[in-house]
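Subject: Structure handover

Hello,

Here is the structure for your files. My notes on it follow below.

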Amino acid sequence: MIVAGFGFRRDATLDALRTALREAQEGHPDVTAVAAPHDKLALVSALAETLGLP
């Protein structure tokens with residue numbers, strides 16, 4: 001299992017997270033899940049939904 005953990009500024013966007021994840025994955029195994037602190041969960045949950053990840 002490869003989990004990407006996210007922390008980010010309050011004004012981050014879904015597109016910014018998607019780009020960050022894509023860039024971080026270059027040359028690495030695919031991420032199979034995403035995680036974030038409770039206060040960041042809404043945006044990371046939206047990212048997970050668009051990518052089909054838990």
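How many aromatic pairs does the count come to? The count comes to 0 aromatic pairs, in what is a predicted model. One ring does have a charge over its face: lysine 40 lies over phenylalanine 8, at 5.2 Å from the ring centre.

Core. The largest nonpolar core has 10 residues: Ala4, Phe6, Phe8, Leu17, Leu21, Val31, Val34, Val44, Leu47 and Ala48. The biggest contribution is that of α2, with 3 residues. One of the core members is Val31. Leaving aside residues up to four places away in sequence, valine 31 touches Ile2, Ala4, Leu21, Gln25 and Leu53.

Helix packing. Two packed helices are described by the angle between their axes and the distance between the axes. For α1 and α2 the angle is about 65 degrees and the axes are 10 Å apart. Their crossing is right-handed. On the α1 side the contacts involve Leu14, Leu17, Arg18 and Leu21; on the α2 side they involve Leu43, Val44, Ala46, Leu47, Thr50 and Leu51.

Loop. Between β1 (3-5) and α1 there is a loop that contains aspartate 11. Is aspartate 11 buried or exposed? Aspartate 11 counts as exposed because its relative accessibility is 63%, and the cut-off for exposed is over 50%. From aspartate 11 to serine 45 the separation is 34 residues in sequence and 16 Å in space, C-alpha to C-alpha.

Regards

Note on methods. Residues are numbered from 1 along each chain as its sequence is written. This is a predicted model: local features need pLDDT of at least 70, side-chain atom pairs count only at pLDDT 80 or more; totals for chains, interfaces and linings use all residues. Side-chain values use heavy atoms; hydrogens and water are left out. Rings of Phe, Tyr and Trp (its six-membered ring) pair if their centres lie within 6.5 Å; planes under 30 degrees apart count as stacked, over 60 as edge-to-face and the rest as tilted. A charge sits over a ring if NZ of Lys or CZ of Arg is within 6 Å of the ring centre and within 35 degrees of the ring normal. A nonpolar core is a set of buried Ala, Val, Leu, Ile, Met, Phe, Trp, Tyr and Cys residues joined through side-chain atoms within 4.5 Å. Buried means under 20% relative accessible area, exposed over 50%, partly exposed in between (1.4 Å probe, protein chains only). Helices (H or I, at least four residues) and strands (E, at least two) are DSSP runs, numbered from the N terminus. Contact means heavy atoms within 4.5 Å. Axes are lines fitted to C-alpha atoms, for helices over the stretch in contact, and angles run from 0 to 180 degrees between N-to-C directions. A crossing is left-handed if the near helix is turned anticlockwise from the far one by less than a right angle, and right-handed if clockwise.
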